[in-house]
Amino acid sequence: MAKPPEFPIPELGEFLPKQIVTPDSMAHSQPFVAKPEHQESIGFPGDLIDDWQQVAIDKLGELVDNSRGLQVYLDSCVKCGACTDKCHYFLGTGDPKNMPVARQDLLRKVYRRYYTLAGKYFPKLVGAEDLTLEVLDDWYKYYHQCSQCRRCSVYCPYGIDTAEVSMAAREIMDTVGRGQKYCNEIIGKVHKIGNNLGLPEPALADTLEGLEEDVLEDDGVDVKFPLDVKGADILLVTPSADFFAEPHIDGLIGYAKVFHQAGLSWTISSHASEAANFGLFIGSYDNMQKVAMRIREAALELGVKRIVFGECGHAWRVGYSFLNTLAGPFDFLDSNYPVPQHIVEVTHDLIQQGRLKLDPSANDDKRVTFHDSCNVARASRMGDKPGGQFTLPRDVLRAACNHFYDMPSDTIGEATFCCGGGGGLLTDDLVELRVKGALPRMQALKEVSEQHQITHMAAICAICKSQFSKVLPYYGFEMDQIVSVHQLVGDALVWQPQV
Ligand code: SF4
Ligand code: SF4
């Protein structure tokens, strides 16, 4: 059960399109600041440095010089307003600083002041602003009220990507010693131990052994969960939440059952026991690369032929879009398979080839909808056709369930709403933001539930699953209505009686 709310919960059915603009309604919301040890362990100053202002201005210049995209985003907004009501955090909170254009402007004003001629000489005329401590505080608050979901960019006629602006702002703040505890502490754990949880190899081995016993007891099938097996064909890199959290763990069981039934040889690595890469959220290329390199090292060490990612949205974005740049080339892998593959692609292929025996009636007690996760939907693809990231998971779900129904079309696919906890915001110090930011998705879930008596919402992202487990009860749903796609697949697999 969620603990009693200490803030008003938005009412479903009343948010679109008449959100009342309430200035500064979320000005009190900010995540815990990273402690010196969290900062220093990932290469940043422990506290706000003395000359922070000049260093921040220089860093902004460096980022703009190195990223043509960022420069275009900061230069090209025409204030058309198309993005203003597209952000779930604005829709859920009414704080005008959560309008994407206003969020961008927090950085844009400073950029104009120091890096444009008009801003240097006529700052007031062009909305340029000095970088002050007050501005830095606003950056810290409102760049941590952006889940970097990229929904606003879909509606911007210039394709301005607020997520990139938010990442740049966070990188600048880290550089001057004002980082976020949640993300930075986690990245430090991955560097040291290999996963977000700080789960050491013996604990991981114990967990996997326990899962083998559970599946044998529940299904009578001797499914293995191999760890550090040299010479396995597939390295599975999955979010560490899959090793212990609900409903994630049922997804991991589902992957293992798929591999087992298809006769595929696979392993998990204790060195790369984390698919998540929070380096993305803080905009730090160096940290993102260091985390990604563990996957390359594990693949080489174990001598695998393929790399498959489990259900994790931003991990798939990093994997699909950046893994080769960060840690490639992967010319030592089997060239018949893309690097990396998503577990949904693997399962989809196996279903197409008739190598999995599924009985969807096994899930007849469920009526299912699907939440497209932002980073999968708007920052990656699956399969070999455009839009595969939308069709493949739905094909898999339809093969595993007889009762599947989509939410309203303006809330799925490319237009999907964030769960409210992405982008490094999945922390209890931001629970109010998370609950309010989930409002549009909860509204869509309510609509489809009323039309089709939906009992479960499936997802392929570890953050979405954790976030929904937390926020569903705030809106009158049950926390266990969120499930892994591969839980449904695993439950629908038909096994021959074992002799
Ligand atoms: S990227 Fe997402 S969270 Fe950030 S401003 Fe745009 S819509 Fe809002
Ligand atoms: S839609 Fe694009 S151009 Fe229009 S206000 Fe928003 S960011 Fe600026």
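I note that the model is a predicted one. I looked up the bounds as well: the domain assignment puts domain 1 at 36-179 and domain 2 at 187-492. I read 30 Å as the distance between the C-alpha centres of the two domains.

**Ligand 2**

Next I asked which residues surround ligand 2. I listed Cys-77, Val-78, Lys-79, Cys-80, Gly-81, Ala-82 and Cys-83, and also Pro-100, Val-101, Cys-156, Tyr-158 and Ile-160. I sorted this shell by class and got 10 nonpolar residues, 1 polar and 1 charged.

**Helices α12 and α21**

I turned to helix pairs. Two packed helices are described by the angle between their axes and the distance between the axes. For helix α12 (residues 248-262) and helix α21 (residues 485-492), I noted an angle of about 50 degrees and axes 7 Å apart. Roughly perpendicular would need 65 to 115 degrees and roughly parallel would need under 35, so α12 and α21 are oblique to each other. I recorded their crossing as left-handed.

Where do α12 and α21 meet? On the α12 side I wrote down Asp-250, Gly-251, Ile-253, Gly-254, Tyr-255, Lys-257 and Val-258; on the α21 side, His-486, Gln-487, Val-489 and Gly-490. The classes in this contact are 4 nonpolar, 5 polar and 2 charged.

**Helices α13 and α14**

Helix α13 (residues 285-302) packs with helix α14 (residues 313-327) at an angle of about 85 degrees, and their axes are 9 Å apart.

From α13, I listed Met-288, Gln-289, Ala-292, Met-293, Ile-295 and Arg-296 as meeting Val-318, Leu-323, Leu-326 and Ala-327 of α14. How do the residues of this contact divide by class? I got 8 nonpolar, 1 polar and 1 charged.

Key: Residues are numbered from 1 along each chain as its sequence is written. Chains are lettered from A and ligands numbered from 1 in the order in which they are written. This is a predicted model: local features need pLDDT of at least 70, side-chain atom pairs count only at pLDDT 80 or more; totals for chains, interfaces and linings use all residues. A residue is near a molecule or strand if its C-beta atom, placed from the backbone, lies within 6 Å of it. Ala, Val, Leu, Ile, Met, Phe, Trp, Tyr, Cys and Pro count as nonpolar, Asp, Glu, Lys and Arg as charged, and the others, Gly among them, as polar. Domain bounds come from an automatic or database domain assignment. Axes are lines fitted to C-alpha atoms, for helices over the stretch in contact, and angles run from 0 to 180 degrees between N-to-C directions. Helices (H or I, at least four residues) and strands (E, at least two) are DSSP runs, numbered from the N terminus. Angles under 35 degrees count as roughly parallel, over 145 as roughly antiparallel, 65 to 115 as roughly perpendicular and the rest as oblique. A crossing is left-handed if the near helix is turned anticlockwise from the far one by less than a right angle, and right-handed if clockwise. Two residues are in contact if their C-beta atoms, placed from the backbone, lie within 7 Å.
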